[in-house]
Amino acid sequence: MSYKVIVDSCGEFTPEMKADGGFEHVALGIQIEDTQWTDDDSLKQEELLLKIAESTSCAKTSCPSPERYMESYHCDAERIYVVTLSAELSGSYNSAVLGKNLYEEEYGEKQIHVFNSRSASVGETLIALKVQQCEKAGMTFEEVVESVECYIEEQHTYFVLENLDTLRKNGRLTGIKSLVAGALNIKPIMGSTPQGAICQKEKARGMKKALVKMADCVAADVVNAGDKILAIAHCNCEERAKEVQRLLKERFAVKSSFIVDTSGISTVYANDGGIIVVV
């Protein structure tokens, strides 16, 4: 294959992507107290959730090193596309860019482009699939980059979590002042800014009402829905994800949709019961 799409492990792969030789994960790391995990296929979500629930310490995550990215670029593929977590949330983007610089110093120039997803989880998944679509359409490297960057501009990310503790303790909610005490069972409907930071969209009392309100937010923002793929990631709550899919399909029609379970990194931040929607 003349191209490869590299995605940091916060971006989940569908079964079809896993079977396709054109996609590759670069793993982030997870640490809770003295226990460390590599976010790859060997990680068991139930073990991670149990450790999160039992621990009094906050889970920490680490991005791949520039050297690890550089290693992934050293392959037979002529064109390399990299999709990372939002640069506002992780060092993964900067690490991937440094890896490109290291590669070019060592081996010379190569067609490598690093996309700042300005999203996470299935937002990265959709961007990787857009790259594949553009490549299959016969676009040049430059045309793929331009088309995918435009796609990222139009993408919207939303999520509702049972709690925001991990995001707050790890400094991912900086500047958000209107979060309400969990004791009142208020669930904030969160989303992404155009720059890829986290913002609060709405709030509702209870998870059921919050999911309905999130669906309303998505429907209000979506443009040209019939041309787009709807992606939903869930953390150990597949039936909840199916209900969200139903709520969204009641409000607008999409080209296609899929549901996946969260990766290790997304599991850490979404926590048990979290739902992420990107379109």
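**Helices, cores and a hairpin**

A: This is a predicted model. Start with H5 and H6: Leu126, Ile127, Lys130, Val131, Cys134 and Glu135 in H5 meet Val144, Ser147, Val148, Tyr151 and Ile152 in H6.

Q: At what angle do the axes of H5 and H6 cross?
A: Roughly 145°. The axes come within 10 Å. H5 covers residues 122-136, and H6 covers residues 141-154.

Q: Is the H5 and H6 crossing left-handed or right-handed?
A: The crossing of H5 and H6 is right-handed.

Q: OK, the core. Which residues in the largest nonpolar core touch the most other members?
A: Val5, Leu48, Tyr81, Phe115, Val122, Val148 and Phe159. The core has 52 residues.

Q: And which helix gives the most to this core?
A: Helix H5, with seven residues.

Q: Which domains does this core draw on?
A: Domain 1 (3-154) and domain 2 (157-278) each supply at least three residues.

Q: Back to Phe159. What is Phe159 in contact with, leaving aside neighbours within four places in sequence?
A: Leu164, Leu167, Pro188, Ile189, Met190, Gly191, Ile198, Met214, Ile275 and Ile276. There is also a second, separate core of 25 residues, and Tyr158, Val222, Ile232 and Leu247 are among them.

Q: New topic: strands. How do S3 and S4 pair, parallel or antiparallel?
A: Antiparallel, over four bridges. S3 is residues 29-32 and S4 is residues 35-38.

Q: Which residue in S4 stands opposite Gln31?
A: Gln36.

Q: How many residues lie between S3 and S4 in the hairpin?
A: Two. Glu33 in the turn has a positive phi of about 55°.

Technical notes. Residues numbered from 1 in each chain as written. Predicted model: local features only at pLDDT ≥ 70, side-chain atom pairs only at ≥ 80, totals over all residues. Heavy atoms only, no water. Pairing = 2+ DSSP bridges. Core = buried A, V, L, I, M, F, W, Y, C linked by side-chain atoms within 4.5 Å. Buried < 20%, exposed > 50% of the residue type's maximum accessible area, 1.4 Å probe, protein only. Domains from an automatic or database assignment. Contact = heavy atoms within 4.5 Å. Axes fitted to C-alpha atoms, helices over the stretch in contact; angles between N-to-C directions. Left-handed = near helix turned anticlockwise from the far one by under 90°.
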